[in-house]
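Please view the sequence and the structure before reading on.

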Amino acid sequence: MANGGPVEHGFPHLDTVRDAVNALYRRLSRDTVQTFSTSLAPADVAFCDTDDLHLGAQRVAREIVRHFRLPDARLIVGFREMSHAANVELAAGPEYFVELNDRFRTHRRDIGAALAHEVAHVYLHRLDLAFPTTAENEILTDTVTAYLGAGWLLLDAYREDSVSSQKLGYLTPEEFGYVLAKRALLFQEDPSVWFTSPQAYTAYAKGMARARRDEQQPPLTGAGWAGRRRYAHDRRHASAVLPGAPYAFTPDPAGHLRVTFPCPTCHQRIRVPVRGRVRARCGLCRTVLECDT
């Protein structure tokens, strides 16, 4: 939790975020991801200053547990002084003890954001889905929180001005915006209507621009002129593709050239023959892609 300190910006964790989206699809399947087409509603996690602190926190926790389809999980929420925003004890269940930073006693509007991340930890624990390191696992948790419809709360908790700052989660604001944009493009949903933080709008717009770039990379037909020109050059010199290109060329057993590239929805690698206009369907998320190979 950045509390008054510097807030990291940009997309330093983008590769891990994309790996997290891919891992989520692999673990859940496309059909299960589709069941999260409706985001957590602002009214469900609203917290008024006149609400009882503990009863209100328990109510919000129950709503987030319901959103993540964890009907038998019960969160016991407490508060204590700590450096992090929150912590959850990942035991066997069905009861999970969550501790929130004492700061939230007087910043109640952000309790939902902190609890969303912790409930996502429980959800991933139940799925037995984890990344190797603690840092990667936290990025996975933030990504899943946002992609499954509760992470807009985390971006909305981001506020920054010349004298103060607050940010929850391990992704940068722009990375939260990127994952929310990926979700928005999938479900035709606009989470920005729920933002109360002006800085959240800016971060979301930057994330959306980066998300749309994923749909504009060759060999997809949405690629721009410069990308198409580079792709044509690389195709002629398939053994010397420039580093950083989103695609790669390999021969099949018969010696015919194929191109591999990431699906813009789930980041699964797709391989299609190099023969002009082709339509490809991602085997993982079933997105249909128009390509000019």
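## A salt bridge within a helix

Glu63 and Arg66 are three residues apart in helix H3 (residues 53-67), which means that about one helical turn separates them. Helices here are DSSP runs of H or I with at least four residues, strands are runs of E with at least two, and both are numbered from the N terminus. An α-helix has 3.6 residues a turn, so residues three or four places apart point the same way. The side chains of Glu63 and Arg66 form a salt bridge at 3.0 Å, N to O; the term requires a side-chain nitrogen of Lys or Arg within 4 Å of a carboxyl oxygen of Asp or Glu.

Glu63 has a relative accessible area of 23% and is partly exposed. Arg66 is also partly exposed, at 46%. Buried means under 20% relative accessible area, exposed means over 50%, and partly exposed lies in between, with a 1.4 Å probe and protein chains only.

## Basis of the values

The model is predicted: local features need pLDDT of at least 70 and side-chain atom pairs count only at pLDDT 80 or more, while totals for chains, interfaces and linings use all residues. Residues are numbered from 1 along each chain as its sequence is written, and side-chain values use heavy atoms, leaving out hydrogens and water.

## Other salt bridges

A search of the whole structure gives 17 salt bridges. One of them joins the side chains of Asp31 and Arg286 at 2.8 Å, N to O. This pair links distant parts of the chain, 255 residues apart: Asp31 belongs to helix H2 (residues 30-34), and Arg286 to the loop between strand S10 (277-281) and strand S11 (288-292). Asp31 is partly exposed at 45% relative accessible area, and Arg286 is partly exposed at 37%.

Glu290 and Arg279 meet through their side chains in a salt bridge of 2.6 Å, N to O. Glu290 lies in strand S11 and Arg279 in strand S10, so the pair ties together parts 11 residues apart in sequence. Glu290 is partly exposed at 35%, whereas Arg279 is exposed at 65%. A network of salt bridges links Arg18, Lys182 and Asp214.

## Helix H8

Helix H8 (residues 198-214) has 17 residues and spans 26 Å from its first C-alpha to its last, close to the 24 Å expected at 1.5 Å a residue. The expected span is 1.5 Å times one less than the number of residues.

Which residues of H8 are buried? They are Ala200, Ala203, Tyr204, Gly207, Met208, Ala211 and Asp214. Down the axis of H8, these buried residues fall within an arc of 145°, so they line one face of the helix; the arc is taken from the directions from the helix axis to the C-beta atoms. Their cover includes helix H1 (14-28), helix H6 (152-156) and helix H7 (173-187).

## Strand pairing

Three strands form an open sheet in the order S2-S4-S3, with mixed pairing. Strand S2 (74-80) and strand S3 (86-88) are at the edges with a single partner strand each, so one side of each has no neighbour in the sheet. Two strands pair if DSSP finds at least two bridges between them. S3 and strand S4 (residues 95-101) run antiparallel and are joined by three bridges, and Val88 stands opposite Val98 in S4.

Elsewhere, strand S7 (residues 248-251) and strand S8 (residues 257-262) run antiparallel, joined by four bridges. Phe249 stands opposite Val259 in S8. The hairpin of S7 and S8 has five residues between the strands, and Gly255 there takes a positive phi near 90°.

Terms used:
Contact = heavy atoms within 4.5 Å.
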